[in-house]
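Student: Could you walk me through some side-chain contacts in a protein model? I'd like to work out the answers step by step.

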Amino acid sequence: MSTLLKEYEVWVAMFFWLNFPVQALKTILRDAGFAEAPSPPTIQVPPPAVLEISVGPPRQTLAVYKSVKADWVPDKFMLGLGGTATDVLEVLERLRDSFERHKYPLDQVCHYYEITLPPQPVDLDGFVEKLRQRLGIEVSLGGEKLRPFSISLSNFDMPVTREKFYKWLYVSLNPDANSPNRRVFIQVVKRETRFNNVVEFVRSINKVINEVIGFIEGA
């Protein structure tokens with residue numbers, strides 16, 4: 001953990017096989033204890049003001065629960081849950097029951113799940129030095145000797161085949177450029193096809209990060 005954080009933030013994306021009516025999702029979320037999100041305010045832009053428009057799939061916040069926002073991306077058939085690990089874990093348990101009550105067993109209607117730990121700081125003394133000692137790699141380029149500064153790890157060489165796509169696990173560690181030997185940003189991406197495995201992975205986030213740190217420290 002870092003002095004910059006009180007708790008890790010986690011994002012769980014649920015990709016359904018088919019599109020879901022928004023009203024059905026709102027009912028399921030409400031019955032799981034969510035409060036419906038307020039409608040976004042209407043903004044009037046008088047000329048000659050410039051309105052910037054971003055390109056990408058529409059994302060609609062349907063509901064909130066404590067720190068968790070439930071966003072719906074219809075183009076991807078995706079329901080995203082983002083918040084603290086504790087709150088997301090609590091929400092997952094409630095959502096499973098609510099989907100079941102409304103005749104939508106998640107492991108039948110959900111194509112796959114993706115758990116993401118967005119880049120977040122972890123205080124780690126001597127990260128760059130320990131990484132270089134751990135790997136022992138040196139490259140000469142343009143008269144300079146280069147050694148590892150960051151690292152990424154994955155369970156497979158690529159995530160694109162059917163067997164590998166659904167079990168992809170990716171971890172990256174990038175030092176804070178302002179304090180490279182005191183702090184590192186860790187990112188984790190994990191895909192699953194079974195809901196219980198998603199719950200277990202979110203529950204073990206602290207353990208996963210400690211294992212990553214242990215690898216750097218040679219533990």
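Here are some questions and answers about rings, charges and a surface patch.

Tutor: Before we start, this is a predicted model, where local features need pLDDT of at least 70, side-chain atom pairs count only at pLDDT 80 or more, and totals for chains, interfaces and linings use all residues. Residues are numbered from 1 along each chain as its sequence is written, and side-chain values use heavy atoms, with hydrogens and water left out.

Student: How are the planes of F16 and W72 arranged: stacked, edge-to-face or tilted?

Tutor: Rings of Phe, Tyr and Trp (its six-membered ring) pair if their centres lie within 6.5 Å; planes under 30 degrees apart count as stacked, over 60 as edge-to-face and the rest as tilted. By this rule there are 12 aromatic pairs. For F16 and W72 the centres are 6.2 Å apart and the planes are at 55°, so the pair is tilted.

Student: How many residues apart in sequence are the parts that F16 and W72 tie together?

Tutor: Strands here are DSSP runs (E, at least two residues), as are helices (H or I, at least four), and both are numbered from the N terminus. F16 sits in strand β1 (residues 9-16) and W72 in strand β4 (residues 68-73), so the parts tied together are 56 residues apart in sequence.

Student: Are F16 and W72 buried or exposed?

Tutor: Buried means under 20% relative accessible area, exposed over 50%, and partly exposed in between (1.4 Å probe, protein chains only). On that scale, F16 and W72 are both buried.

Student: What about Y112 and Y166: which arrangement do their rings have?

Tutor: Y112 belongs to strand β6 (residues 110-123) and Y166 to the loop between α5 (162-165) and β10 (169-175). Their ring centres are 5.9 Å apart and the planes are at 75°, so the pair is edge-to-face.

Student: Why can charged side chains pair up? And how far apart are the closest N and O atoms of E217 and K130?

Tutor: Opposite charges can pair when their charged atoms come close. A salt bridge is a side-chain nitrogen of Lys or Arg within 4 Å of a carboxyl oxygen of Asp or Glu, and the whole structure has 15 of them. E217 lies in helix α7 (residues 205-217) and K130 in helix α4 (residues 127-135). The closest N and O atoms of E217 and K130 are 3.6 Å apart.

Student: About how much accessible area does the nonpolar patch with L141 have together?

Tutor: Patches use residues with over 30% relative accessible area and no salt bridge, joining like charges within 9 Å and nonpolar side chains (Val, Leu, Ile, Met, Phe, Trp, Tyr) within 5 Å. Areas come from the Shrake-Rupley method with a 1.4 Å probe, and for residues only the protein chains shown count as cover. L141 is exposed at 58% relative accessible area. With L135, I137, V139 and L146, L141 forms a surface patch of about 420 Å².
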